[in-house]
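Please keep both in view while reading the points below.

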Amino acid sequence: MRPLPALAALAALALAAGCATAPPAPSADTAAAPPGFGTGATPEYDAAAVRALAVTDAELAPGWHVTLMQPGQHDISSPPETADVPACQPVLDALTPSKGAAGPLAEADLDIARAGDGPASLYTAILAFRPGRAAAVHTGLDRVLDHCRAFGSTAGRHRLARVDTPTPEGADAATAFTLTDETGGTTIAQRALVARSGDVLAVFTTLDATGRPAPEPDRGVVRAQLAKLKAR
């Protein structure tokens, strides 16, 4: 199971929930955006510009390796699911590939692994938005977490819980949560940290399919990625 596409979509579930607010006026920082990120009131991030924001091996501690994950590999044939708790439906709308999730102008997906850790990886999504949209998406995520705790669907039982977390250095805001799926007797736990830096969301995700809690995203990797976003 690859958790990254699902949780990158979950970061944008505010759009499906209708919780997004109107974007604020562009700031001076936005108007001075570097080449590749657009200029003026509506910067346009392209795929190459967002990939350039992704952390590299050289920027991490020894032993870490970054793999760029190609888009379009997730299954889009699954039918829509319905939550038995209406307030939680936006979660499934975002997690079900066939429903889609609009919002980011561009995205880079990374699989960051450390030698000797076996199958353990830190999945990271870098999502670039129009001015004000990242803040609106993050606010919408907080609202869903406040109203959705546990729900069922045809896929099984799901538990969603906020995890208290300080805002990491380099981020303007951050939210952490766990998502546990209990399907067919198997418990799969995912943990995510969604950090906002200006008009970019960085979604850090870990996974455990053994029934144990998923580990906290590695703080060194998070720190390095947010430092690169802050320096842009």
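**Salt bridges, strands and a helix**

The model is a predicted one. Asp146 takes part in a salt bridge with Arg162, and a search of the whole structure finds eight salt bridges.

- The closest N and O atoms of Arg162 and Asp146 are 2.7 Å apart.
- Through salt bridges that share partners, Asp142, Asp146 and Arg162 are joined into one network.

**Other salt bridges**

- Arg196 and Asp172 meet through their side chains in a salt bridge, with an N to O distance of 3.7 Å.
- Because Arg196 lies in strand β7 and Asp172 in the loop between β5 and β6, the pair ties together parts that are 24 residues apart in sequence.
- Arg196 is buried, with a relative accessible area of 17%, whereas Asp172 counts as partly exposed at 48% relative accessibility.
- Lys228 forms a salt bridge with Glu59, and their closest N and O atoms are 3.1 Å apart.
- This pair links distant parts of the chain: Lys228 is in helix α7 (residues 219-230) and Glu59 is in the loop between α4 (47-51) and β1 (64-69), 169 residues apart.
- Glu59 is partly exposed, its relative accessible area being 38%.

**Helix α6**

- At 1.5 Å a residue, the 15 residues of α6 should span 21 Å, and the end C-alpha atoms of this helix are 21 Å apart, which agrees.
- The buried residues of α6 include Ala134, Val137, His138, Leu141 and Leu145.

**Strand β6 and its partners**

- Strand β6 (residues 173-183) is mostly covered, with eight of its 11 residues buried.
- Strand β5 (residues 156-163) runs antiparallel to β6, and seven bridges join the two.
- Strand β7 (residues 186-197) also runs antiparallel to β6, and 11 bridges join this pair.
- Asp181 of β6 is the bridge partner of His158, and Asp181 also stands opposite Ile188 in β7.
- The hairpin of β6 and β7 has two residues between the strands, and Gly184 in this hairpin takes a positive phi near 60°.

- The side chain of Thr175 is joined to that of Asp142 by a polar contact of 2.8 Å.
- Leaving aside neighbours within four places in sequence, Thr175 is in contact with several residues, among them His138, Leu141, Asp142 and Leu145.
- Other contacts of Thr175 include Arg162, Ala192, Leu193 and Val194.
- Two of these contacts, Asp142 and Arg162, belong to the network of salt bridges that includes Asp146.

How values were computed: Residues numbered from 1 in each chain as written. Predicted model: local features only at pLDDT ≥ 70, side-chain atom pairs only at ≥ 80, totals over all residues. Heavy atoms only, no water. Buried < 20%, exposed > 50% of the residue type's maximum accessible area, 1.4 Å probe, protein only. Helix = DSSP H or I, 4+ residues; strand = E, 2+ residues; numbered from the N terminus. Pairing = 2+ DSSP bridges. Polar contact = N/O pair within 3.5 Å; in protein donor to acceptor, adjacent residues only side chain to side chain. Contact = heavy atoms within 4.5 Å. Salt bridge = Lys/Arg side-chain N within 4 Å of Asp/Glu carboxyl O. Expected span 1.5 Å × (residues − 1).
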